[in-house]
Amino acid sequence: MLLTLAMVFGMSMTSFAAPAATAKITVKNLTANDNTTLKVYKVVGFDEENSDWTIESWAQNHATNTNHVVNIDWEALKSVNPLPTPVQEISVPANSTTYTIDGLEIGAYMIIATGDHTTYNVMGEAPYGYDANNLIVPAAKTINAKSSAYQLTKTLVNGDQIFV
């Protein structure tokens, strides 16, 4: 399956706001009480001086930048071996089904979520937007985690057919 993320600039824009590490990505629909870990990998950055996207070296075989439009093959990207060190690795609190990843720069990020019993699809998001002057700025984005499998184990504890 090929998933793409398009990042487009208006060709008439000549100046951009300074990228600051204030962008956020909120991941929703995580499985509660599953010891979920989120690993966040930077795939694309923003080169303010050249007003263009830059693909991280580890991702260059699975992403392209053509005329300021970046396409990313997320499924292929998650299979890179070895993956680089994540920019953040988070243990989601036990009862949480939502987690906000703070302190990100403008760019695109791959998020790999793993739980004890849940297998998630790879996620990708780009936390940026435009201000009133059409300058690129950090933004808060939300992505929904989608599980592709959930393992449920039931154990018979007594003759009364009670499962725990």
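In the predicted model described here, M110 touches K39, V40, Y41, V43, W58, W74, L77, K78, L83, V122, M123 and G124, with residues up to four places away in sequence not counted; a contact is taken as heavy atoms within 4.5 Å. Residues are numbered from 1 along each chain as its sequence is written. Because the model is predicted, local features need pLDDT of at least 70, side-chain atom pairs count only at pLDDT 80 or more, and totals for chains, interfaces and linings use all residues, while side-chain values rest on heavy atoms, with hydrogens and water left out.

M110 is also among the members of the largest nonpolar core, which holds 21 residues, that touch the most other members, together with V43, V44, W53, W58, I72 and L77. Such a core is a set of buried Ala, Val, Leu, Ile, Met, Phe, Trp, Tyr and Cys residues joined through side-chain atoms within 4.5 Å, where buried means under 20% relative accessible area, exposed over 50%, and partly exposed in between (1.4 Å probe, protein chains only). A second, separate core of 17 residues includes L30, V40, V92 and Y120.

The structure holds four aromatic pairs, defined by ring centres within 6.5 Å for Phe, Tyr and Trp (its six-membered ring), with planes under 30 degrees apart counted as stacked, over 60 as edge-to-face and the rest as tilted. F46 and W53 form an edge-to-face pair, 5.4 Å centre to centre with 65° between the planes; F46 is buried at 12% relative accessible area, and W53 is buried at 4%. Ring pairs link F46, W53, Y128 and Y130 into a cluster.
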